[in-house]
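Biologist: Could you take me through this protein step by step? I am new to reading structures.

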Amino acid sequence: MSEAAGRIAKPVLRGLHNATIKRNLIVSSVLCTIAVVAMKVMHNDPKVQDYAEFYKTYDANKAFQRMKDAGLLQSVKN
């Protein structure tokens, strides 16, 4: 057996910790950005649209009168 074939190359350890931290920060930043965009698109945008649809036809005076007629408001008596 030759001497060169039996040797294993030494691992490169200089700067390994900094390189690992840099890679982890990049991966976590990308994943965080994806999570924020997904939350906005899948949760917040439909909620805003639902509220907009609700308030297009909402009449506050009509709702007040309905609650008043049902006797739910103690401060307002007929």
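What follows is a conversation about the helix, the charged pairs, the rings and the surface.

Biologist: Before we start, what kind of model is this?
Modeller: This is a predicted model, so please read every value here as computed from that prediction.

Biologist: Okay, how many residues does α2 have, and what does it reach from end to end?
Modeller: Helix α2 has 41 residues and reaches 59 Å from its first C-alpha to its last, which is close to the 60 Å expected at 1.5 Å a residue.

Biologist: Where is the kink in α2 centred?
Modeller: The kink in α2 is centred on K40, and the bend there is about 35 degrees.

Biologist: And which residue does K40 meet in a salt bridge?
Modeller: The side chain of K40 meets that of D45 in a salt bridge, with 3.1 Å from N to O.

Biologist: Where do E53 and K56 lie?
Modeller: Both E53 and K56 lie in helix α2, which covers residues 16-56, and they are 3 residues apart, about one turn of the helix. E53 is partly exposed at 45%, whereas K56 counts as exposed at 62%.

Biologist: Switching to rings, how many aromatic pairs does the structure hold?
Modeller: The structure holds 3 aromatic pairs. One of them joins Y55 and Y58 edge-to-face, with 5.5 Å centre to centre and 85 degrees between the planes. Ring pairs also link F54, Y55 and Y58 into a cluster, and Y58 is partly exposed, at 38%.

Biologist: What about the surface, which residues make the nonpolar patch?
Modeller: I26, V27, V30, L31 and I34 make a nonpolar surface patch of about 460 Å², and I34 has its place in helix α2.

Biologist: Last one, where is R7 found, and is R7 buried or exposed?
Modeller: R7 is found in the loop between α1 and α2, and R7 is exposed, with a relative accessible area of 63%. From C-alpha to C-alpha, R7 and M67 are 87 Å apart in space, and they are 60 residues apart in sequence.

Key:
Residues numbered from 1 in each chain as written. Predicted model: local features only at pLDDT ≥ 70, side-chain atom pairs only at ≥ 80, totals over all residues. Heavy atoms only, no water. Salt bridge = Lys/Arg side-chain N within 4 Å of Asp/Glu carboxyl O. Helix = DSSP H or I, 4+ residues; strand = E, 2+ residues; numbered from the N terminus. Buried < 20%, exposed > 50% of the residue type's maximum accessible area, 1.4 Å probe, protein only. Expected span 1.5 Å × (residues − 1). Bend = angle between axes of the 7 residues up to and from the residue. Patch = residues over 30% accessible without salt bridge, like charges linked within 9 Å, V, L, I, M, F, W, Y side chains within 5 Å. Areas by Shrake-Rupley, 256 points an atom, 1.4 Å probe, with all protein chains shown as cover. Phe/Tyr/Trp six-rings, centres within 6.5 Å; stacked < 30°, edge-to-face > 60°.
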